[in-house]
Amino acid sequence: MTADTPTHLKKKGIQAAKLVRPILGVLVSLFLIYRIFDVLVVQKSFGPDTWTRLLIAGLILGGVYALVAIGYTLVYGILFMINFAHGEVMMIGAFGGYFVFEILKVIPAGSSGSYFLNTYPYLSIFLAFVGGMSISALVGFFLEKVAYRPLRKAPRLVPLISAIGASMFLQNAMQLLFSAQLRNYTNPDILRRGAGWTIAINNSDVVIPYTGVFSFVLSVVLLIILYTIVRKTKLGRSMRAVALDKKTAALMGVDVDRTISLTFLLSGALAGAAGVMWGIHNGMIYYYTGFIPGIKAFTAAVLGGIGNLPGAMLGGLFLGLVESVGPALLGIDFQLKDVLAFVILIVVLIFKPSGLLGESLAEEKV
Amino acid sequence: MKKSEVRQSLNTGAVFGIIHIFCVLIGFNAMMGSLLVKIVGQKSDLSAPTVASLVAYAILLGLFAGIVSARRQHEASLAKRVLASLLTGVVLSILATALVGIFQLLLTNHINPRNTFPTLSFPFMKACLFKLAGKGVWINFFIFLGSTVLGGLLNGLWDLPTVTSSRKNANTWIKNLGEKISGGSPKVKKIKKYAFLGLAILIVAIVPVEWGSYWNYVIGTVGLYVILGLGLNIIVGLSGQLVLGFIAFFAIGAYTVALLNAPIPFNIMLGFWPSLILAIILAAFTGLLLGLPIMNLRGDYLAIVTLGFGEIIRILLKSDVLTPFTGGPRGVQDIHGPMIFGHEFNDVNYMYLIIFAVLLAIFVYNRLQNSRSGRAWMAIREDETVAKATGVNTGKYKLLALMIGAAFAGLAGAIYAARNQYTGPDEHAMMASINVLCLIIVGGMGNIPGTLLGAFALKGLPELLREVENYRMLVFGALLVAMMLIRPEGLIPSKRPIRDLPDLPDENQSQEPTGAAVQAPGEQAHDR
């Protein structure tokens, strides 16, 4: 490398970082190895039963994160903007499912004294998901139309602020509409919270909750469906075309506006499904429900390499696992699980600045 | 009328109808109505609005809808405009009336809609059920229809300006005003400058003594946010690095002063002034520590990492693990403030302290902006690669921006903690960071008057809107979106060098960290 290439100048600019990164890397990995060794071998803090429980919880959480993260990634891939209001779309989906259950709970059906919800439980769950997903998809659709579409040519920060405004608006609108109280999700009896298959590990019962298995399986199914849509269908092809190059896509006959609208519909529907799952599994929803999962899912999307579909799925699962297994594995307080999640994010980005599966374009593209 | 015009009018009606339904469901109509009645001069309690206030609100909404609908018909005759508003009015009235009808139906079947929509106003339900039973539906219908048509008629008679032209007018008006204030020959400019300065000093000297402690508190908070805004402006506005966890530096400043001047947990009692300097240094040092590893991240990656950093600081401050050192969720209480001539600061003293700090921050910011570093920052903001190629040590200057910005935040945090005699982890939540970011963007990024105006708009204005407390954040969110749609460059836009090469790709093109959803490697997205 000769002294007068631009590469040289760039490297000169990040000399300090070059020094810091390896030192930090060695320190972090040494510390991690020491802690894990300490917890697993020396102290033997937890038995296999606890590890199984944590693993299950992590997978369930990861599934939900993956679904929401996909929404961030889809939108980012096409518009290069952070849809900050995506968590709120998820929360509205959770409310949609909640109200479907509430209505079905009071509609009489079947034999006397029983109601639609438990007479046709599968249909009820299906209807709840349809309700939640369609309301979320609609909210996503109109969000794009009102708050993002006019800003497509604006500088980068502008749509972000618009998204923050939309997020505040949606949160407060839901709070004003339905008050700030916590609302209890009424599941059909076949999906009672707390119930599940019990397996014995290490002489203690480990419960695999029905709700958890249900939401994990469903999120995997939805992810596969989405992946097929993006890979195999005409819509997916136009989405990829628009993501690559809007102008050329338009010249080739792709309706760019329609494709972007459909992308928002799709990501909204996935967020809605995640919201209903969140409600079914965790039981409590309120207007602020979407905020933290939204931030986490965004973290997951960045972790996996934003704009990259498998990356978002992997990032979601990884983040879920880190949050539930991580604190135990490193022997730190469970209160600090969010700290751990963000530290992992920072560490991953320091060593791989475009995420786990992201193409390392940050440097080459310059 | 053409088919498209009919559809447009109907669409306008539907949009207004949906807005109306939303307003009713959150009780906004009663609140607005009683504000209206209050403005007119009738005595009306905000907490117990009357049916009259609902009618006032309905008429206003109808008029507005009619005007908007008629406005959309470009260069149309009076009859056409009235027709357009009639169509809009029909849709709006049908939607509004359907809502009342549904509510009547629910109430007669003894289902209380307030169980689901707790903020629904009582007078509205009363109007649905008792006062106007039966006929209420029709009265409602004709109030909306009549006022909408009236709006169209008014528009046709006076030829109210169209949306785009009025926006243009407003823009030129603001521009002219700006030129009037700052323009003129050099001599006049100088005189104006000194006159302005003198006026400012006069206000600053007299006013804090005259205000009550409440206004000192409010304006003091605004002042602290000005400092924060200037700090973030160095990072985001000047050097173009999107940092979202900015409030973490504020927290470090606040906690430094708190822990060194409170009896619990350490009882060090260092005194305010040395700990203030320590707070600034510590915040800047944290900026350095954060900046070193993440310096080569760009755009959204930097945003999320700094957001994560902010959350880490907050959670650590709150956690049980660090409770012996930070006071945990309860925070640090009973912080001793600065002493001057042997007695403690009162609110007026704090106000002067804050004013002094703001002036200092403005001075430093101004000097930096026009310095070598300032130019380097702006070069990095416009195009990092080009800046690098022209010999700017981008790494160094980005770090410098982060450190100085953090130092500003540390200063604000230190004063904040001392003034409130308390600091806790929840004061430093993510929303605060976002507030600061919104402040500089609403005001106009990268300039001092914009920051001042943004701080007043975001921190002062909500205090004036105490009456609409519940709807504050809702309106604020909607305003933020509207602001970005109408005036994305902020209330007072900065003068920035405008590129005159029309065919260049978008300015952030090179900052894209990665490609599209399923983008082939090596290919670039040319147009977003």
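Two residues are in contact here if their C-beta atoms, placed from the backbone, lie within 7 Å. On that basis, 79% of the contacts in chain B between residues at least 6 apart in sequence join residues at least 24 apart.

## Ground rules

This is a predicted model, where local features need pLDDT of at least 70 and side-chain atom pairs count only at pLDDT 80 or more, while totals for chains, interfaces and linings use all residues. Residues are numbered from 1 along each chain as its sequence is written, and chains are lettered from A and ligands numbered from 1 in the order in which they are written.

## Chain A overall

Chain A comes to 15 helices and four strands. Helices (H or I, at least four residues) and strands (E, at least two) are DSSP runs, numbered from the N terminus. For 366 residues, a compact globule would have a radius of gyration near 21 Å, and the 23 Å of chain A agrees with that. The radius is taken over C-alpha atoms, and the globule rule is 2.2 Å times the number of residues to the power 0.38. Along its principal axes, the C-alpha trace of chain A spans about 85 × 65 × 40 Å.

Of the 366 residues in chain A, 51% are buried. Buried means that 20 or more other C-beta atoms lie within 10 Å of a residue's own; exposed means 12 or fewer, partly exposed is in between, and C-beta atoms are placed from the backbone. As for contacts in chain A with a separation of 6 or more, 74% come from residues 24 or more positions apart.

Helix 8 of chain A (residues 210-232) has 23 residues and should span 33 Å at 1.5 Å a residue; its end C-alpha atoms are 32 Å apart, which agrees. The expected span is 1.5 Å times one less than the number of residues. Its buried residues include Thr211(A), Phe216(A), Leu222(A) and Val230(A). Among the packing partners of the buried residues of helix 8 of chain A are helix 3 (48-79), strand 3 (204-209) and helix 13 (309-330) of chain A.

Strand 3 of chain A also pairs with strand 2 (residues 196-201) of chain A, antiparallel over six bridges. Two strands pair if DSSP finds at least two bridges between them. Gly196(A) sits opposite Pro209(A) in strand 3 of chain A. The hairpin of these strands has two residues between them, and Asn202(A) takes a positive phi near 55° there.

## The nonpolar core

The largest nonpolar core has 253 residues, and those with the most contacts inside it are Ile70(A), Ile227(B) and Val257(B). Helix 17 (residues 394-420) of chain B gives this core its largest share, 18 residues. A nonpolar core is a set of buried Ala, Val, Leu, Ile, Met, Phe, Trp, Tyr and Cys residues joined through C-beta atoms within 7 Å. Val257(B) touches, among others, Phe272(B), Leu276(B), Ile335(B) and Ala414(B), not counting residues up to four places away in sequence.

Chain B comes to 20 helices and four strands, and 47% of its 528 residues count as buried. Helix 1 (residues 3-25) of chain B reaches 33 Å from its first C-alpha to its last, close to the 33 Å expected. Its buried residues include Ser9(B), Phe16(B) and His20(B). Just after helix 1 of chain B, Gly27(B) takes a positive phi of about 75°.

Asn115(B) lies in the loop between helix 4 (78-108) and helix 5 (122-131) of chain B. Asn115(B) counts as exposed because it has 8 C-beta neighbours inside 10 Å.
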